[in-house]
Every structure is written in C-alpha cells, then in structure tokens.
Amino acid sequence: MQKINFKTSRVDYTLVLILTLLAICSGIAIYSAQASGQYSENFLLKQMVFYVAGIGIILSVITLDSDQIRRISWYAYGAGIAMLAFLVVAPSSIAPVINGAKSWYRLPGMSLQPSEFMKIFLIVALANVIVTHHAKHVVKTLQSDFWLLVKLGLVTALPLFFVMLQPDLGTSIVMLAILTGMIFVSGITWKLLLPIYGGGATIGALILLLVVKFPAFIEKYLGVKQYQLGRIYSWLDPYNYESSAGYHLTRSLLAIGSGETTGKGTGNREVYLPESQTDFIFSVIGEEYGFIGTSIVLSLFFVLIYHIMRLAMDTKNQFYTYICVGIISMITFHVFQNVGMTIGVVPITGIPLPFISYGGSSLWGNMLGMGLIFSIGYHYKKYMFSTEK
C-alpha cells in the first residue's frame with residue numbers, strides 16, 4: 001500500500017481560518033439556541049463531533065488531484081443516485097417520514113440525508129461534462145451548445161426527480177441554482193439561454209399570480225396542496241397567518257428586530273422559536289448579537305465566496321474552475337435563501353445556513369465541498385506555471 005506524502009506547506013491556511021471562524025460562530029449560536037429550545041439534547045457537543053468528522057472528510061479528499069476526481073466523479077454520482085433511489089422503497093424503520101418528507105436514513109445516534117452529498121456529486125459530474133464536451137467540440141456552434149445544455153439538464157434531472165419524490169423543494173431549488181450557475185460559465189451562447197431563462201421567469205411570475213388570484217385553479221390542475229399554498233400566503237402576509245403557517249416567520253422577524261444593533265447578549269433570548277438550532281439559527285444570532293453579529297457572519301460568507309472565486313480565476317485547470325463555480329452557486333444560494341426566509345424576503349424552505357446550522361449531513365456535505373476547494377489549493381503549484389488552459 002502506497003504511503004500518502006501529505007505536505008502541510010501546500011494547505012490553504014486562509015480557508016482553514018475562515019472555516020474555523022465559521023465553526024466558532026456555529027458553536028456560539030447553537031449553544032444559545034439549545035439553552036432555550038424545546039429539546040434537552042446537547043446539540044453543541046454533537047455539532048463539534050460533526051465538525052471533527054468533517055475534518056476527516058476534508059483530509060480524505062485534499063490529496064486527490066483533478067484527474068483522480070474526474071475518474072471517480074461518475075462513481076460518486078451513481079452512488080448518490082442509488083442512495084436517493086433506495087429512499088423511495090426503503091421501509092420506515094430505515095427511512096422514516098419526518099415533517100412530511102422521506103429524506104433521511106436512520107442511523108444509530110443520527111440521521112443521514114443523502115441529498116446533501118448529492119449536491120456535491122452533482123457539481124463534480126457537471127464540471128466533468130462541461131470539460132469533456134469542450135475537449136470534443138473545440139469549435140463552438142449553436143448545435144454543440146444546445147447538446148451541452150441538454151447533457152447538463154439530463155445529469156441534473158435524475159437526482160432532481162428523486163429529491164422531488166421525497167418531497168424536498170428546498171434541495172431541489174439548490175440543485176437548480178447549481179445548474180444555473182454552471183451553465184452561465186460553461187460558454188453556452190446567450191441565444192439559447194436568454195429565451196429559456198426568460199421564459200422560465202415568465203412562467204414563474206404567472207404561477208405566482210395564479211397562486212395569489214386563483215388558488216382553486218392551482219390546487220385542481222397543478223396538484224398543489226393547500227399547505228404548500230399556505231407557505232406562499234404566509235410569506236406575503238405573515239401576520240394574518242401568525243397562528244398557523246406564518247408562525248415561524250413572525251417569530252423570526254420579532255427575534256431579529258428585537259436584537260437591534262448590538263443584541264441582547266448570550267443567553268438573553270426572549271423570543272421562543274421552535275427548531276431554532278437548525279433552519280432558523282440566523283434568528284438566534286440576530287436576537288442575541290444584533291446587527292453587528294449578523295454582519296460578522298455574513299462577512300465571513302462573503303470572504304469565503306471571494307476566496308473561492310480567486311481560486312477559480314487563478315487556477316489554469318478548467319475542471320477546478322467549474323467545481324469552484326458550482327460550490328459558489330450552492331453556498332451563495334444557501335445563504336441568500338436561509339437568511340432571506342428569516343427576514344421575510346423569500347418564502348420559507350427547509351434550507352440550513354451553511355457551516356452554522358446544526359446538522360451532520362448538511363455540514364458533511366459542505367465539508368466535502370471544502371475538501372475539493374482544499375484540493376485545488378493543494379495541487380495549485382503543479383499548475384501555476386503550466387500552459388494548460
């Protein structure tokens with residue numbers, strides 16, 4: 001067995017610092033959330049264990065170079081599809097229905113959500129598709145761009161189908177955000193993209209109009225359930241649905257607003273918010289640490305995204321570049337959606353705040369993505385003076 005020669009001098013210590021600061025923010029926020037939550041579990045201890053395991057995930061990926069990652073990309077994609085597909089037929093003893101969704105495998109001491117890992121497998125598979133396509137079609141044509149668009153759509157459609165069966169709307173939207181981000185940098189002509197995304201935006205606006213004005217039509221002909229419509233109504237007018245679908249949003253707005261500039265201080269929460277250690281962790285930060293605390297957290301995400309963006313522009317390896325774009329798209333959408341839903345900018349979906357919210361699957365999926373980013377920095381010196389495009 002060949003011994004791996006790990007060189008600490010090639011580790012991206014800037015990224016180490018960013019992730020360490022995010023872990024500290026996560027620990028502080030979860031400690032505050034569990035102090036006044038509805039559970040007696042020690043979520044902070046579990047989150048720290050998840051972080052230690054996440055470091056192991058990073059170390060297992062960091063030494064893989066781009067060629068090795070490309071070789072295993074389809075195996076990882078296939079394994080992710082298999083895990084999602086088995087959820088459909090798995091008995092409730094293995095895959096219970098939680099909050100109306102069959103999205104988790106029950107394991108001793110925790111639950112595992114395969115869609116969190118599938119997002120990373122999807123990014124790697126899409127990056128592989130783009131690089132392989134460009135290698136075969138050096139001269140771009142409208143037809144070659146169309147086939148690239150079709151291939152990217154098909155690769156995304158399969159995991160998207162299984163995630164929607166769970167159903168998990170939040171993760172489905174994240175996958176579409178990843179696809180969109182990678183399409184935009186894939187070199188596909190705007191002659192194809194403009195009518196597709198323009199038409200999609202028009203259809204989305206029309207559906208929203210039908211939801212607001214003609215809900216009976218939506219329920220009857222599009223199969224949308226009443227509780228799903230309630231999420232839209234509670235988003236548009238949360239205080240009219242304060243005792244039902246708008247409860248979380250109104251409590252979140254009250255918590256964040258009452259924190260004002262500096263917050264109430266650690267352990268001084270006054271607004272009760274169920275499950276605040278997961279999807280609504282940003283509300284806890286807003287109440288206890290105010291505008292200053294939330295600004296620090298958002299600044300860390302900005303620095304993280306900027307750092308990955310610099311890596312994407314510096315590396316000469318296109319496969320690495322597309323991986324960076326996919327991970328940037330994923331993190332950016334996660335942060336926008338999670339923070340946006342806590343302040344009423346977007347409807348509520350079950351999307352956690354990356355690296356901050358409590359949860360092993362979410363954190364491990366993100367750490368797997370960071371492992372790929374560490375790999376770029378680790379192997380970058382090999383490409384620094386290369387003529388590879």
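Contact here means heavy atoms within 4.5 Å. Keep that in mind as you look at this predicted model.

Start with helix α3, which runs over residues 66–89. The helix has 24 residues. From its first C-alpha to its last, α3 reaches 35 Å, close to the 34 Å expected at 1.5 Å a residue. Yet α3 also bends, by about 40° at Ile72.

Now look at the N-terminal end of α3. Asp65 caps it. A side-chain oxygen of Asp65 lies 3.2 Å from the backbone nitrogen of Asp67.

Ser66 lies in α3. Is Ser66 buried or exposed? Buried means under 20% relative accessible area. Ser66 has 2% relative accessibility, so it counts as buried. The side chain of Ser66 also has a polar partner: the side chain of Asn317, at 3.0 Å.

An α-helix has 3.6 residues a turn, so residues three or four places apart point the same way.

Next, turn to the nonpolar core. In soluble globular proteins, nonpolar side chains tend to be buried together. The largest nonpolar core here has 93 residues. Leu22, Ile331, Phe355 and Met370 have the most contacts inside it. Take Phe355 as an example. Leaving aside residues up to four places away in sequence, Phe355 touches Leu22, Ile331 and Met370, among others. Its other partners include Ser26, Gln47 and Asn366.

Conventions: Residues numbered from 1 in each chain as written. Predicted model: local features only at pLDDT ≥ 70, side-chain atom pairs only at ≥ 80, totals over all residues. Heavy atoms only, no water. Helix = DSSP H or I, 4+ residues; strand = E, 2+ residues; numbered from the N terminus. Expected span 1.5 Å × (residues − 1). Bend = angle between axes of the 7 residues up to and from the residue. Polar contact = N/O pair within 3.5 Å; in protein donor to acceptor, adjacent residues only side chain to side chain. Core = buried A, V, L, I, M, F, W, Y, C linked by side-chain atoms within 4.5 Å. Buried < 20%, exposed > 50% of the residue type's maximum accessible area, 1.4 Å probe, protein only.
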